[in-house]
Amino acid sequence: MNEGYWGNYRTGQIFLIDEHELWIRRGNNADKLGVPEIVQKRFKDYIIKEDRDRFLLFIFSHAPVMRFRGHGSCVTMEFNCADWGLPLELVRMWGNTNAGALLWLIIVNFASNEAIQTNWEDFKQNNPCPVKLKR
């Protein structure tokens, strides 16, 4: 699995995309994803490609969105939210359609500096707890 997705954990909408930064800047995609207008006005503060990582972190911290990126046998999911509830529901929605039993999930919450690492089957059955990331 090598696809990328953007998802909104408040609305439950998930979009298959090409590249995260470019997709969210294109056309009305940020509107479709549910990024507030006030946040979109700040997109211009970030240089395309050069400020990509800072730009994505800015979006995570100002909109209820999650990024998904496949890396073959694993997928990373990143978001920034004090409460894990809605983001994990979005992971479940996405996984029910896109994940095989052994797909490895790395779910990172920048708000708490915690992550969950598990395979899809264990995630579905056990609701694993996040652990603090070491820095």
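**Note on the fold and overall dimensions**

1. Strand S1 (residues 4-8) and strand S3 (residues 65-70) run antiparallel and are joined by five bridges. Gly 4 has Arg 69 as its bridge partner in S3. Strands here are DSSP runs of E of at least two residues, helices are runs of H or I of at least four residues, and both are numbered from the N terminus. Two strands count as paired if DSSP finds at least two bridges between them.

2. This is a predicted model, in which local features need pLDDT of at least 70 and side-chain atom pairs count only at pLDDT 80 or more, while totals for chains, interfaces and linings use all residues. Residues are numbered from 1 along each chain as its sequence is written, and side-chain values use heavy atoms, with hydrogens and water left out.

3. The S1 and S3 pair belongs to an open sheet of seven strands with mixed pairing, in the order S2-S1-S3-S4-S5-S6-S7. Strand S2 (14-17) and strand S7 (131-132) are the edge strands, each pairing on one side only.

4. The protein has six helices and seven strands, and along the sequence the pattern reads β-β-α-α-α-α-β-β-α-β-β-α-β. The radius of gyration is 14 Å, close to the 14 Å from the globule rule for 135 residues, so the protein is as compact as a globular protein of that length. The radius is taken over C-alpha atoms, and the rule is 2.2 Å times the number of residues to the power 0.38.

5. Of the 135 residues, 46% are buried, meaning under 20% relative accessible area (1.4 Å probe, protein chains only).

Definitions and conventions. Buried means under 20% relative accessible area, exposed over 50%, partly exposed in between (1.4 Å probe, protein chains only).
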